Amino acid sequence: MTPPPVAPGLFTWPADEPRLIGSRCRACQVVNFPARGSCPACTSVDVERDLLGRTGSLYTWTVQGFRPKPPYAGPEEFEPYGVGYVELPGEVRVESRLTVADPDRLRIGMAMELVIVPFGGTVTYAFAPSEDSAA
Ligand SMILES: [Zn+2]
């Protein structure tokens, strides 16, 4: 059975090639993720659902080394994980969990690809280095 997404409306699921669900402002073209009902740049409510690209580049990153405060809903047994911003070309910077928590394997500007990973009985989105996902 396919596990459910950690929250509704974040990404297309189930899907062979899942996409993050953002919103694009029809007035000023600004893209947001997660999707919003109005545009934070120009306050227009003329926004449309926008499926984001699956690949981008690592804008910046860090390693989350301790269990985040509530409402963090992850597994009881905490393991450090990478977290960062991935720049989706022409769209938006997405804050995301990374599949890699080893600083030696992360560098700014590296190519990243969207993946769906298990998350305490559900699934959530993350970005993986493209080299890894090709292997
Ligand atoms: Zn706008």
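Q: Which side chain meets that of Asp50 in a salt bridge?

A: Side chains of opposite charge can pair when their charged atoms come close. The present model is a predicted one, and in it the side chain of Asp50 meets that of Arg24, with 3.4 Å from N to O. This pair links distant parts of the chain, for Asp50 belongs to strand E3 and Arg24 to strand E1, 26 residues apart.

Q: Is Asp50 buried or exposed?

A: A residue is called buried when its relative accessible area is under 20%. Asp50 has a relative accessibility of 13%, and therefore it counts as buried.

Q: How many salt bridges does the model contain?

A: The count comes to four salt bridges. One of them joins the side chains of Asp46 and Arg26, at 2.8 Å from N to O. Here too distant parts of the chain are linked: Asp46 is in the loop between E2 and E3, Arg26 is in the loop between E1 and E2, and 20 residues separate them.

Q: With which residue does Glu48 form a salt bridge?

A: Glu48 forms a salt bridge with Arg26, and the closest N and O atoms are 3.3 Å apart. Glu48 lies in strand E3 whereas Arg26 lies in the loop between E1 and E2, so this pair ties together parts 22 residues apart in sequence. As for accessibility, Arg26 is partly exposed at 45%, Asp46 is partly exposed at 36%, and Glu48 is partly exposed at 31%.

Q: In what order do the strands of the open sheet lie?

A: Strands of a sheet pair through backbone hydrogen bonds, either parallel or antiparallel. In this model three strands form an open sheet in the order E2-E1-E3, with antiparallel pairing. The edge strands are E2 (31–32) and E3 (47–51), each of which pairs on one side only. Five bridges pair E1 with E3 in the antiparallel sense; within this pairing, Ile21 has Leu51 in E3 as its bridge partner.

Q: Which strand forms a hairpin with E7?

A: E7 forms a hairpin with E8, and two residues lie between these strands. In the turn, Gly120 has a positive phi of about 50°. The pairing of E7 with E8 (residues 122–129) is antiparallel and extends over eight bridges. Phe119 has Thr122 in E8 as its bridge partner. E7 (residues 111–119) is also joined to E4 (residues 55–64), by three bridges, and these two strands run antiparallel. Ala111 in E7 stands opposite Ser57.

Q: Which residues coordinate the zinc ion?

A: Ideal angles at a metal are 109.5 degrees for four tetrahedral donors. In this model, the SG atoms of Cys25, Cys28, Cys39 and Cys42 coordinate the zinc ion at 2.3 to 2.4 Å. The angles subtended by the four donor atoms are 104 to 116°, and the arrangement is therefore tetrahedral. Along the sequence, the donor residues follow the spacing C-x2-C-x10-C-x2-C.

Q: Is Cys39 buried or exposed?

A: Cys39 is buried, because its relative accessible area is 3%. Cys42, in turn, counts as partly exposed at 31% relative accessibility.

Q: How many residues does the largest nonpolar core have?

A: The largest nonpolar core has 21 residues. Those with the most contacts inside this core are Leu20, Phe33, Leu52, Val94, Tyr125 and Phe127. Strand E6 (93–98), E7 and E8 are the elements that give two or more residues to the core. Leaving aside neighbours within four places in sequence, Tyr125 is in contact with several residues, among them Leu10, Leu20, Phe33 and Val94.

Q: Where does Leu10 lie?

A: Leu10 lies in the segment before strand E1 (21–25). Leu10 is buried, because its relative accessible area is 14%. The sequence places Leu10 and Phe33 23 residues apart, while in space their C-alpha atoms are 8.2 Å apart. When neighbours within four places in sequence are left aside, the contacts of Leu10 are Arg19, Leu20, Ile21, Phe33, Pro34 and Tyr125.

Terms used: Residues numbered from 1 in each chain as written. Predicted model: local features only at pLDDT ≥ 70, side-chain atom pairs only at ≥ 80, totals over all residues. Heavy atoms only, no water. Donors = N, O, S within 2.8 Å, 3.2 Å for Na, K, Ca; no water. Tetrahedral: all angles 85-135°; square planar, octahedral: opposite > 155°, others 65-115°. Buried < 20%, exposed > 50% of the residue type's maximum accessible area, 1.4 Å probe, protein only. Helix = DSSP H or I, 4+ residues; strand = E, 2+ residues; numbered from the N terminus. Contact = heavy atoms within 4.5 Å. Pairing = 2+ DSSP bridges. Core = buried A, V, L, I, M, F, W, Y, C linked by side-chain atoms within 4.5 Å.
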